[in-house]
Amino acid sequence: MAQRVISGLRVVCTGASSGIGAALSRQLVAQGAHVLMVARREDRLNEVKDSLQGLTGQAFVHKVDITDDVSRQGIADFIDNQWGGSLDLLVNNAGVGSIESFSSSDEETLRKVMEVNFFAPIDLIRLLLPKLKQGIQPVVCNVGSVLGHVAVPRKSEYCASKFALHGMTDSLRIELAGEGIDMVLASPSTTGSEFFKSVLNGAEAEDAKRRGMSPDVVAQKIISGVSKGKREIILSTGGKLLVLADRLVPGILSRILTRREEKRRR
C-alpha cells in the first residue's frame, strides 16, 4: 500500500457521534480532510461538528441508520452532490456488542450484532465502490477488534461479527487491489468510549468500568496506519501479545481462557 496525505481527503466515517468515530472525525478535519460524519444521533453529530469550527478541513453531518438500505443511499447521494461522485476514504467504525453467554442469548441479538457489525459495513462498501474507484489513492478502513482475531467467552456474537469482518477485509484486500482500492483492518482492544453503554445485553459493572485506551489515541494510531499504507493495525501491546499467543500456542491460550471462565462462574 502506498503512503497517503490526509489533507484534502474526502472521508465518510460511520459511528461518528461519539467514541472512536468522533475522535477520528476531529483529527481528520484538523489535518485538513473533509469528513462526512454519519450516525443515528444527529444532535450528537452536530455537537462534534460545532467543536470543529476554525479547523483546516470541513465537517458535514448526515443522520443515517447504516442498517437501512434507503438511509445508506443518502451517503452516496451526498458524495454525488458535494464531491462530484468521488470518495477517498471510507471508515466503517459503527458497531454494537453483546456480553452474555450464548445459551442465555437469543437469535434476535445475534442477528442485530451481525447486521450492524458485518452486513451494514459490507453493504456500504458495495454501495460506495463506484465512488471509491473515482477517488485519489482510495482506501477502506474497517474498524474491527482484537476479538476478531481471538475469541473469548460471553462475547460469541461480537467475536463472530468481527471475525467475519476480518475475513471479508482480507479477501477484499486482494480482490480490490486490481481496482486500486486499499483495505485496512484496525483492531482496537478495550477502548474508553461509550461502547459498554450501548451493548445489547450484559453490560456488567466490571466491564463498564474498564477504561482501556482513549479514543483519541486509537484514532491517532488508525490515521497513522492509513497514512502509512499499512494493511492491518493491532492497536495495543496487550492485543498484539494476545494475537501472537493465539497463533503460536492456541491450545495453551484456550486452556487459560477456559480456566478464567470457570473461575468467574464460581
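Me: In which helix is D246 found?
Reply: In this predicted model, D246 belongs to a helix that covers residues 237-248. That helix is α8.

Me: Is D246 buried, partly exposed or exposed?
Reply: The relative accessibility of D246 is 26%. Buried means under 20% and exposed means over 50%, with partly exposed in between. D246 therefore counts as partly exposed.

Me: Which residues does D246 touch, leaving out those up to four places away in sequence?
Reply: D246 and A151 are 95 residues apart along the chain, and their C-alpha atoms are separated by 9.3 Å. With residues up to four places away in sequence not counted, the residues that D246 touches are H149, V150 and L253.

Me: Which element gives the largest share of the nonpolar patch on the surface?
Reply: The patch is formed by L241, L244, L248, V249, I252 and I256, with about 550 Å² of accessible area together.

Me: Is L241 buried or exposed?
Reply: L241 has its place in helix α8. Its relative accessible area is 54%, and the limit for exposed is over 50%. L241 is therefore exposed.

Me: Which residues gather in a patch of positive charge on the surface?
Reply: One of them, K221, lies in helix α7, residues 215-228. K221 is partly exposed, with a relative accessible area of 36%; residues in patches have over 30%. The residues that gather in the patch of positive charge are K221, K228, K230 and K240.

Me: Which residues does S161 touch, not counting those up to four places away in sequence?
Reply: S161 is in helix α5, which covers residues 156-177. Its relative accessibility is 0%, so S161 counts as buried. Not counting residues up to four places away in sequence, S161 touches V113, M114, N117 and F118.

Me: Where does Q137, with its positive phi, lie?
Reply: Q137 is not a glycine, yet its phi is positive, about 45 degrees. At 34% relative accessibility, Q137 counts as partly exposed. Q137 lies in the loop between α4 (107-133) and β5 (139-143).

Me: Is R154 buried or exposed?
Reply: R154 is found in the loop between β5 and α5. Phi of R154 is near 70 degrees, a positive value in a residue other than glycine. The relative accessible area of R154 is 17%, and the limit for buried is under 20%. R154 is therefore buried.

Me: How many salt bridges does a search of the whole structure find?
Reply: Side chains of opposite charge can pair when their charged atoms come close. The cut-off used for a salt bridge is a nitrogen of Lys or Arg within 4 Å of a carboxyl oxygen of Asp or Glu. The number found in the whole structure is 10.

Me: How many residues apart in sequence are the parts tied together by D182 and R4?
Reply: D182 forms a salt bridge with R4, and the closest N and O atoms are 2.8 Å apart. D182 lies in strand β6 (residues 182-187) and R4 in the segment before β1 (10-14), so the pair ties together parts whose separation in sequence is 178 residues.

Me: Are D182 and R4 buried or exposed?
Reply: D182 has a relative accessibility of 17% and so counts as buried. The relative accessible area of R4 is 7%. With the limit at under 20%, both D182 and R4 are buried.

Me: In which helix do R44 and E47 lie?
Reply: R44 and E47 form a salt bridge whose closest N and O atoms are 3.8 Å apart. R44 is partly exposed at 22%, and E47 is partly exposed at 48%. The two residues are 3 apart, about one turn of the helix, and both lie in α2 (residues 42-50).

Me: How many residues apart are K133 and E179?
Reply: The side chains of K133 and E179 meet in a salt bridge of 3.8 Å, N to O. This pair links distant parts of the chain, with K133 in helix α4 and E179 in the loop between α5 and β6; the separation is 46 residues.

Definitions and conventions. Residues numbered from 1 in each chain as written. Predicted model: local features only at pLDDT ≥ 70, side-chain atom pairs only at ≥ 80, totals over all residues. Heavy atoms only, no water. Patch = residues over 30% accessible without salt bridge, like charges linked within 9 Å, V, L, I, M, F, W, Y side chains within 5 Å. Areas by Shrake-Rupley, 256 points an atom, 1.4 Å probe, with all protein chains shown as cover. Lys, Arg positive; Asp, Glu negative; His and termini not counted. Charge placed at Lys NZ, Arg CZ, Asp CG, Glu CD. Helix = DSSP H or I, 4+ residues; strand = E, 2+ residues; numbered from the N terminus. Buried < 20%, exposed > 50% of the residue type's maximum accessible area, 1.4 Å probe, protein only. Contact = heavy atoms within 4.5 Å.
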